[in-house]
There are 2 protein chains.
Amino acid sequence: MSNEFHVKGVNIAKLPSDYGSTGFKMFKGSTLNDVEIAYETWGELSINKDNVVLLFTGLSPSSHAASSELNQEKGWWEYMIGPDKPINTNKYFVICVNSLGSCFGSTSPASIDKSTDKIYGLSFPELSIEDIAKAGHGTLQMLGIDHVHTVIGPSMGGMTALAYALMYPKSLTNLIVISAAARALPFTISIRSLQRELIRSDPMWKNGDYDKKTSPLNGMKLARKLGLMSYRAANEWRERFNRARIPKNETKKMFDIEFEVENYLNHNSEKFVSMFDPNCYLYLSRAMDLFDVAEHGGTVNAGLAKIHTKRNLIVGVKSDILFPIDQQTELAEGFKKAKKNVKFEKLDSIQGHDSFLVDEHNFSKVIYDFFID
Amino acid sequence: MSNEFHVKGVNIAKLPSDYGSTGFKMFKGSTLNDVEIAYETWGELSINKDNVVLLFTGLSPSSHAASSELNQEKGWWEYMIGPDKPINTNKYFVICVNSLGSCFGSTSPASIDKSTDKIYGLSFPELSIEDIAKAGHGTLQMLGIDHVHTVIGPSMGGMTALAYALMYPKSLTNLIVISAAARALPFTISIRSLQRELIRSDPMWKNGDYDKKTSPLNGMKLARKLGLMSYRAANEWRERFNRARIPKNETKKMFDIEFEVENYLNHNSEKFVSMFDPNCYLYLSRAMDLFDVAEHGGTVNAGLAKIHTKRNLIVGVKSDILFPIDQQTELAEGFKKAKKNVKFEKLDSIQGHDSFLVDEHNFSKVIYDFFID
């Protein structure tokens with residue numbers, strides 16, 4: 001049975017050699033068969049294959065980071081990738097992979113397990129950030145690419161980029177980690193843990209065995225609302241919404257929404273829930289909690305010392321409450337201690353963790369400067 | 001039918017005159033009949049009745065702020081109230097009222113509506129912070145107390161203390177507002193809005209018409225977890241839990257708790273849900289969103305200018321994410337602009353919004369100093 005995900009511009013890599021038919025060895029020991037990874041590309045691979053930029057995503061986006069001739073819909077990082085943009089596709093061949101475990105074309109808990117002809121659901125093996133990195137590496141192997149100019153990722157993608165640099169230290173030259181961390185803090189773990197509990201508390205979740213048509217939409221909506229709250233910053237919302245009310249509605253029931261900020265959360269969470277598979281959300285969310293650079297060397301600093309990139313760029317935002325700036329400071333300090341070349345950009349963006357998506361002004365500049373150097 | 005709440009040391013005030021038998025006029029226009037308010041007292045009322053300290057609580061506590069001869073169980077502010085403690089009961093007569101709308105003895109959505117002999121539930125009228133202040137005022141009237149030395153309150157109790165000073169400006173000499181605000185910010189509104197939605201999403205909530213024995217315990221637990229996350233601070237949890245794991249459990253199911261911080265949230269939220277009535281939670285939570293000092297004068301500053309206290313103390317904590325320090329700064333600046341005597345204490349406590357409950361060292365000092373002056 002072939003992959004059912006068909007979106008123009010999206011390619012599917014059926015992972016080769018030890019990645020593929022004999023099984024994809026997961027970081028925690030399980031084996032996953034018939035792994036497929038969805039990816040999109042922009043720009044042209046140079047003859048020397050020395051212009052590859054590998055992009056890992058946050059938890060929720062697909063591989064559609066930017067529009068292309070095949071799919072002109074705007075991507076989630078449209079301002080960043082394209083001709084003469086900060087990641088200049090006149091010069092670089094950009095590959096964005098949909099994470100292993102995500103539901104936009106890659107093998108995931110929402111995929112059919114060929115051995116049973118049923119959807120994996122919770123029979124999908126435990127997923128690690130390292131598996132997502134390995135699946136990205138496998139995708140490049142399939143394309144005949146042994147070396148990457150730069151691995152870049154924001155949020156979960158930043159953790160994945162770190163994992164990639166730890167696992168394949170000789171296969172990349174540069175590393176860019178944005179609004180990410182060497183490992184999750186307890187506050188962040190508690191947010192994600194509660195999000196998972198909200199999904200699992202929805203009676204429609206049915207221990208992961210829901211039907212696609214009757215999936216736990218309310219649990220997903222609640223989890224997404226909590227996510228949106230953690231992705232933004234209190235001061236931005238103060239400026240944007242303050243205490244503005246929605247128009248009076250005489251049929252309003254007790255405890256219905258009343259403030260604009262509630263309306264915003266309702267609207268944005270509803271957009272999301274119809275797109276994302278609940279079990280995939282659980283697996284990816286948990287993988288972020290469990291990731292720890294210290295597992296690659298005993299301590300975070302020992303792990304970072306194993307990374308052999310030529311140049312490293314760490315970007316963080318002071319208003320981020322999910323991956324606070326202290327965590328990017330920790331990464332930058334770790335590279336410095338290991339005598340690595342590192343540039344640390346502490347940005348004043350007011351949009352919290354989501355700044356990389358929306359603060360084009362600040363983010364364009366730091367990424368542009370990195371690739372121009 | 002008399003109040004069913006019987007705890008040693010708790011008194012019930014059946015509100016007199018215009019507060020009582022002819023109905024308690026609510027801030028938003030409804031009338032509530034037969035209002036009863038639970039309260040506890042410590043110390044002795046002086047002959048001149050000039051030593052009264054009126055304490056309003058946060059959303060969840062009862063009137064049991066400190067132990068007494070009648071009830072030796074520790075109270076929620078045990079370190080603060082007692083002989084030779086910062087609020088010295090050798091000198092002051094302290095009254096803590098259970099908020100109107102709360103389920104610890106005061107009239108609330110969990111009370112019996114005598115006109116129908118049924119529990120109010122959602123037929124309880126819309127509750128405002130001003131109603132809680134008025135019920136406190138009515139309780140004092142019933143005790144023959146016309147004037148208060150100091151009105152003090154933390155969190156929701158701080159909002160209530162502000163409302164009291166706005167509504168009865170001639171009936172108090174001093175005001176202490178702790179970790180509170182002139183009005184809620186959109187980020188804080190979004191947290192409380194989601195908490196209410198978690199309760200309302202529990203199928204056992206039944207549109208507020210649940211049976212006491214089958215109440216929406218899971219929704220309450222989820223809401224409480226989110227509350228606990230907003231009451232504390234990321235850095236405190238980093239020091240306290242970091243990434244510590246709970247002991248391995250071989251029967252663990254997928255997505256079960258794994259980290260100590262998850263265990264802490266589980267344990268503490270379970271303690272709470274069996275104690276607090278879900279509808280009361282909804283009403284009190286919404287009242288906090290809707291409170292706005294600006295409704296008492298057009299702007300926050302115009303409202304604060306109407307307060308005629310002799311001395312004002314504003315206390316805030318830098319690590320508070322629910323009522324951020326900017327909001328206590330706003331209060332202090334407002335008093336200053338109106339040429340009022342105000343002292344502003346910005347504390348370095350690391351425990352976030354909950355600091356007033358646990359940071360005995362810092363809070364004892366500022367409250368002690370205020371009452372000694």
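**View 1. Where chain A meets chain B.** In this predicted model, 37 residues of chain A are in contact with 37 residues of chain B; a contact here means C-beta atoms, placed from the backbone, within 7 Å. On the chain A side, the elements that put in two or more residues are α3 (186-201), α4 (217-231), α5 (234-240), α6 (260-273) and α7 (278-290). Helices are DSSP runs of H or I with at least four residues, strands are runs of E with at least two, and both are numbered from the N terminus. The largest share, twelve residues, comes from α3(A). Sorted by class, the side of chain A that touches chain B has 22 nonpolar, five polar and ten charged residues. For that sorting, Ala, Val, Leu, Ile, Met, Phe, Trp, Tyr, Cys and Pro are nonpolar, Asp, Glu, Lys and Arg are charged, and the others, Gly among them, are polar.

A word on bookkeeping: residues are numbered from 1 along each chain as its sequence is written, while chains are lettered from A and ligands numbered from 1 in the order in which they are written. As this is a predicted model, local features need pLDDT of at least 70 and side-chain atom pairs count only at pLDDT 80 or more, though totals for chains, interfaces and linings use all residues.

**View 2. How the two copies are related.** Turn chain A by 180°, shift it 0.0 Å along the axis, and it lies on chain B with an RMSD of 0.0 Å. The copies are thus related as by a two-fold rotation axis. The same surface serves both of them, with 100% of the contact residues of chain A recurring in chain B.

View 3. An automatic or database domain assignment supplies the bounds: domain 1 of chain A is 11-183 + 293-372, and domain 2 is 188-283. Their C-alpha centres lie 26 Å apart. The contact between them takes 19 residues from domain 1 and 16 residues from domain 2 of chain A. On the domain 1 side, those residues divide into nine nonpolar, nine polar and one charged.

**View 4. Around Gln328(B).** Look for Gln328(B) in helix α9 (residues 325-337) of chain B. Gln328(B) counts as buried because it has 27 C-beta neighbours inside 10 Å. The cut-offs, with C-beta atoms placed from the backbone, are 20 or more other C-beta atoms within 10 Å for buried, 12 or fewer for exposed, and anything in between for partly exposed. Leaving out residues up to four places away in sequence, Gln328(B) touches Ile314(B), Val315(B), Gly316(B) and Phe344(B). Ala180(B) is 148 residues away along the chain, yet its C-alpha atom and that of Gln328(B) are separated by 6.7 Å.

**View 5. Around Val177(B).** This one sits in strand β12 (residues 172-178) of chain B. With 29 C-beta neighbours inside 10 Å, Val177(B) counts as buried too. Setting aside residues up to four places away in sequence, Val177(B) touches Gly153(B), Gly158(B), Ala161(B), Leu162(B), Ile314(B) and Leu331(B). Leu282(B), by contrast, is 105 residues from Val177(B) in sequence and 23 Å from it in space, C-alpha to C-alpha.

Notes. Copies are superposed by least squares on the C-alpha atoms of residues with pLDDT of at least 70 in both. Two residues are in contact if their C-beta atoms, placed from the backbone, lie within 7 Å.
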